[in-house]
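Please keep the sequence and the structure at hand while reading.

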Amino acid sequence: MTGYLPSYVQGAWWTPAQDRVAEPGAVAGASGPLSPSKGTEVRDASTGEVVTRVSTEGLDLAGALEYARTVGHASLAALTFHQRAVLLKQFALALTERKDELYALSARTGATKTDSWVDIDGGIGVLFSYSGKGRRELPNSTVHVDGPVEPLSKDGSFLGRHVYTTLPGVAVQINAFNFPVWGSLEKFAPAFLAGMPTVVKPATPTGYLAEAMVRILVDSGLLPAGSLQLISGSVPGLFEHLRLGDLVGFTGSASTAESLRQHPAVQTGGVRFTAETDSINASVLGTDAVAGTPEFDAYVRQLVVEMTTKAGQKCTAIRRAIVPADAADDVIDAVRARIAEKTVLGDPRAEGVTMGPLASTAQRDEVLRQVQKLQDAGGQVVVGSTDAPDVRHADGSTGAAPDGAFVSPVLLRFDDAQADAVHDVEAFGPVSSLLTYRTTAEAAALVARGGGSLVTSIATHDPAQAVELATRIAPFNGRMLLLDRDDARSSTGHGSPLPNLVHGGPGRAGGGEELGGIRAVLHHMQRTAVQGSPEMLTALTGVWHAGAATNSDGRHPFRKSLAELRLGDQVVSASREVTLDDIETFAHFTGDTFYAHMDEESAAANPFFPGRVAHGYLLVSWAAGLFVDPEPGPVLANYGLENLRFITPVSPGDSIRVELTAKQITPRETDEYGEVRWDAVIRNQDDETVATYDVLTLVSKEPTGEEPGAGAAQSGATQAGAYQSGATVPV
């Protein structure tokens, strides 16, 4: 791979050495072939061998963005959240089948097998995670409802809701060099699930690994047209081509992020900009975690892992080890011993190597410059050395590697914990600084000096100290890890962002958020307050609202498959009287003899009850008996009950009835059934509301064969409201 690294734009592979792209009808390439000497050379991090060249000279960036906004949006808009989620799983499986190819390339970036696992398998894991969360937590439609109904009129004819709809633009994702696979996929997955097409711009030093990942996805034939494009190289003038509805997700330096944030496209043009930037993260050793305790051992183990994994090239790595003053020497000795025992520096392709080089010799030189700044500010190297190290080569020999980007793990000690440089200068490599404190408040103040971090960890088995520290430092961190003997073995670690937890941080860390489960999906959507009648909100959201039309056509809704069921299909039960004998029987049968049900005098003294009242769960049980159709049919199982509220007490002699209405219909893309949410309302003889709740059932997509009037099964590929209108949308 010594030619030009291709980009994937407008549905075709493109390189600057061509005067046209490979497929007809795609974007025009450069006006003529480039000289092989042009472009940026990318070299093997261990050997210095040229891997590829990178250039975007002649690439139609504006055309790529417009292709995403048009072709990409059209193809993604045709899919529901669930269908996109299923595709994410298929993408993950396609990458898994060919991940050996990615591992081989990853070694050239300086990544060990463990480093590659974090990047490659971690990225694939994000796809799996968002696939599962999308199907569990989002509707099988294209509109997401946020929060409860807001009544805006006394008679219920005017309501308000918040809804999320997909942004109309393109998600441009500018990634850092340290995680070319995970960094791309952790941004791509939530954008794709939201229905927003992506343009990925990987960092040049490791962009060839991102290109290989995209190529596997393209080869799979699974990508909807225009949903993913790749630009290998620089993007001059990018922000001039962006507009309202577009989004930029940036990972990189704080100074670059601030410069981009000041662009008029962001300041006044409505382009969303989120940043995850360099961060002077900290790890605090509690005063109780002395040498010999599990917390001390876990702290040292974690510190060394963060110094050596990816050669310290992690935005979440520990840059400041904040320890009690009387524990400093013990920590230094333990770190020195663990590095000597566990760390073998060298070419990742050599047997036994546990830490590889930095991504490039330019990065190596930059790290050493930053270490010198720390030394000039008072940092003393107490573990490791800044001298050029001898390393293990791919053939198993040991010696110097002048063309490799190797740096030994370095721990510096600062006698002056208030030195500005230690809280401001980041050596983005296997480098940490040790600071000491005497009080918990002082430790918290040192954490805050970082100006905002992605993560801080606290190693202590003292809940009081953990709470005090966490409370003080939470405003300065996007994530906190509380590390002790109980979770040390199961903890995913200080430096591991997880798909279901927010990744980002305030201040210097960029002020943005990525991941965090469905939160990240919603970052790619617009939340809008919608006011209207129950009928209109039902049509828009795909969720039936009280006051909208109902249908009681004489056929019990439990006799209808998903193909036949519509929002608003309803059954209203007969009434049933509640007697004192019923209450006592239920009480003795269940063992629930709470005084409100059994003691007239005590119940009457209760401000909530007029006297003895029926159990709420008796009423819910009876309601099921009143609305259930008992014969075998499309309803397969009771899936659950949610949002139960008891509103009006029921006394002996009262009667109840129930109204059950199809509220939301969610087919499952990969199963022969789906979920139906029913609105259940129990009323008394005076038409007062006794209780409200949602009943969840699993219902067959197709008629069982015993059902009259069986229609064709309806696919899950439906816009919000398709079920109530009877529309069938083909996949």
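Does Leu-435 count as buried or exposed, and what is its relative accessibility? In this predicted model, Leu-435 counts as buried because its relative accessibility is 0%, a value that falls under the 20% cut-off.

Leu-435 belongs to strand 18, which covers residues 431–437. When neighbours within four places in sequence are left aside, Leu-435 is in contact with Arg-320, Ala-321, Ile-322 and Val-323, and also with Phe-414, Ala-417, Val-422 and His-423. The C-alpha atom of Leu-435 is separated by 18 Å from that of His-494, which is 59 residues apart from Leu-435 along the chain.

## Helix 9 and helix 10

The axes of helix 9 (residues 294–308) and helix 10 (residues 328–342) come within 10 Å and cross at roughly 55°, and the two helices are therefore oblique to each other. The crossing in which helix 9 passes helix 10 is right-handed.

Helix 9 contributes Phe-296, Tyr-299, Val-300, Arg-301, Leu-303, Val-304 and Met-307 to the contact, while helix 10 contributes Asp-330, Val-331, Ala-334, Val-335, Arg-338 and Ile-339. Of the residues that make this contact, 10 are nonpolar and 3 are charged, with no polar ones.

## Asp-694 in strand 29

Asp-694 lies in strand 29 (residues 689–700) and counts as buried because its relative accessibility is 5%. The side chain of Asp-694 is joined to that of Arg-677 by a polar contact of 3.0 Å.

Apart from neighbours within four places in sequence, the residues in contact with Asp-694 are Gly-640, Leu-641, Glu-642, Asn-643, Lys-663, Arg-677, Trp-678 and Asp-679.

Notes:
Residues numbered from 1 in each chain as written. Predicted model: local features only at pLDDT ≥ 70, side-chain atom pairs only at ≥ 80, totals over all residues. Heavy atoms only, no water. Axes fitted to C-alpha atoms, helices over the stretch in contact; angles between N-to-C directions. Helix = DSSP H or I, 4+ residues; strand = E, 2+ residues; numbered from the N terminus. Parallel < 35°, antiparallel > 145°, perpendicular 65-115°, else oblique. Left-handed = near helix turned anticlockwise from the far one by under 90°. Contact = heavy atoms within 4.5 Å. Nonpolar A, V, L, I, M, F, W, Y, C, P; charged D, E, K, R; others polar. Buried < 20%, exposed > 50% of the residue type's maximum accessible area, 1.4 Å probe, protein only. Polar contact = N/O pair within 3.5 Å; in protein donor to acceptor, adjacent residues only side chain to side chain.
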